[in-house]
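Here is a friendly briefing on the spaces and the packing in this protein. Please keep the viewer open as you read.

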Amino acid sequence: MDFFIDILSKLKGDYIDVFFEEKITNQLQMEENKVQKCSSVFDKGLGVRVIKDEKTFYAYTNDLTKKGIEELISSLKNMKSKNIINLKKINPSINFPIKTNPNELAISEKINFLKRANDVSWKESPNIKQVKVLYGDSFQKIIIANSEGALTEEERIHTLFLIHVVAYENGIIQTGYEVIGGLKGVEIFEEISPEELSLKATKRALMMLKARRIKGGRMPVVISSEAGGTMIHEAVGHGLEADLVQEGLSVYSDKLGKRFASEFITVIDDPTLPNMRGSYVFDDEGTPSQRTVLVEKGVLVNYLYDKYTAMKEGKSSTGNGRRQSYEHYPIPRMSNTYIAPGNHSPEDIIRSVEKGLFVKKMGGGQVNTVTGEFVFEVQEGYIIEKGAIGEPVRGALLIGTGQEILKNIDMVGNDLGFSIGTCGKNSQGVPVTDGMPTLRIPEIVVGGEVE
């Protein structure tokens, strides 16, 4: 504790924090039926931030000797103040238990996960041409102290497993991708085994080889809860992060208190959800995690704040100050972001569509946060005919704007599905989870073949 007090007392500003991190990252990758990568990386360092007159000054180092710390403090200037800091440890109000710590497993056991997934995929069809399987786990210890007198400590264990399959036939290439993980240990395989995950990705790639290309145009679209919340994350979530809002880089700037979505839409960001990939006890500024309602029945009621953006508006942080590592200063980021379930059954939503597109799995996408315009790839889609799911189609793109989609959604399912990922922003990546119930969009542009 004296270590942190010493740093804080030598700096001057409206707000100061010290972020200490110790992290071990393990990764194994199998490709071409061989383990191509086996790495274990240890890193430890310190980042210090000073906020003064609405400007941020940040310095970091992995040299934790007395000389290294003194050089870091010197780089931040303003060393003449004699602030009296009395740090008080904040105890967590929640915790996320880990059932099976990855550190307790031998490397051979982790390699076995890769082999099990890899072998299933290759055996499924001669049309499988490439299989990549990745296993990763990390242990992160964080201590944060600030000039407000708060001290927090947290340990985070993340585990990740993904498979990417490429299928080829008659000049057509299709891919299948599946991933599981979270703020969890190896118990992720209690939810779905490596074999089941591999088979899911493999069968999707093979099925899409046989699928016909979709005819483009405007049509009703039903997005399954299985598709995950990629669209809500990209098309809506980023625009609700306070830094983009304050810089005028969000279509949702100056929209607080206004209705911009259907009454069926409530959007929530919640890092307190048990063991999700985007969960944490404290954010990377030491603010306790909390559930934040962003959109309530179509009305924008809040943005996602870190301490800096909150200070600019005289507000409190929502606990969304996140950073990739000690080498990065925190910025407002999503955690576990989702649309709340509604009252319609998924079956009724599908039955309500005479002819349209059913999206079972989303792919990648791009979004312009200033205009809200987006383009998303559909990895697995089917034609809906007379209220029933029909044949699979490939090559579909969803094209529109976030605000258009949110206004037009007129049926929201009583289910809820999640997808995981690593969200990139300002050259930083942080783990996130995105969720969505089954939704009906009465009309949206679907890109495909021109008739």
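**The enclosed cavity**

The largest cavity holds about 60 Å³ of space. A search of the whole structure finds 1 cavity of 30 Å³ or more. This is a predicted model, in which local features need pLDDT of at least 70 and side-chain atom pairs count only at pLDDT 80 or more, while totals for chains, interfaces and linings use all residues. Residues are numbered from 1 along each chain as its sequence is written, and side-chain values use heavy atoms, with hydrogens and water left out.

- On a 1 Å grid over the protein atoms alone, a cavity is a set of points where a 1.4 Å probe fits but cannot get out; a pocket is an open set with protein on both sides within 12 Å along at least five of seven lines, and lining residues have an atom within 4 Å of a point.
- Grid points are joined across faces, edges and corners, and a volume is the space filled by probe spheres set on the points.
- Among the residues lining the largest cavity are Met-231, Ile-232, Phe-374, Gly-402 and Leu-439.
- Helix H6 (230-237) and helix H10 (402-408) are the elements that give two or more residues to this lining; H6 has the largest share, 4 residues.
- Helices (H or I, at least four residues) and strands (E, at least two) are DSSP runs, numbered from the N terminus.
- By class, the cavity lining has 11 nonpolar residues, 1 polar and no charged.
- Here Ala, Val, Leu, Ile, Met, Phe, Trp, Tyr, Cys and Pro count as nonpolar, Asp, Glu, Lys and Arg as charged, and the others, Gly among them, as polar.

- About 1200 Å³ of space lies in the largest pocket.
- Its lining counts 49 residues, and Val-179, Thr-230, Lys-361, Ser-419 and Ile-420 are the closest to its centre.
- S21 gives the most to this lining, with 8 residues.
- The lining of the largest pocket is made up of 19 nonpolar, 16 polar and 14 charged residues.
- The second largest pocket has about 720 Å³ of space.
- Of the 32 residues that line the second largest pocket, Lys-23, Thr-25, Ser-138, Arg-277 and Pro-431 lie nearest its centre.
- The lining of the second largest pocket divides into 8 nonpolar, 14 polar and 10 charged residues.

**The nonpolar cores**

- A nonpolar core is a set of buried Ala, Val, Leu, Ile, Met, Phe, Trp, Tyr and Cys residues joined through side-chain atoms within 4.5 Å.
- Buried means under 20% relative accessible area, exposed over 50%, and partly exposed in between (1.4 Å probe, protein chains only).
- The largest nonpolar core has 46 residues, of which Met-231, Leu-357 and Leu-398 touch the most other members.
- A second, separate core of 25 residues includes Leu-28, Ile-111, Val-131 and Ala-167.

- In helix H2 (residues 66-75), Gly-68, Ile-69, Leu-72 and Ile-73 are the buried residues.
- Seen down the axis of H2, these buried residues fall within an arc of 135 degrees (taken from the directions from the helix axis to the C-beta atoms), so they line one face of the helix.
- Exposed Lys-66 and Lys-67 sit on the face of H2 turned away from its buried side.
- Just after H2, Lys-77 has a positive phi of about 60 degrees.
- Ser-147 lies in the loop between strand S5 (128-146) and strand S6 (150-169), and Ser-147 is partly exposed, with a relative accessible area of 26%.
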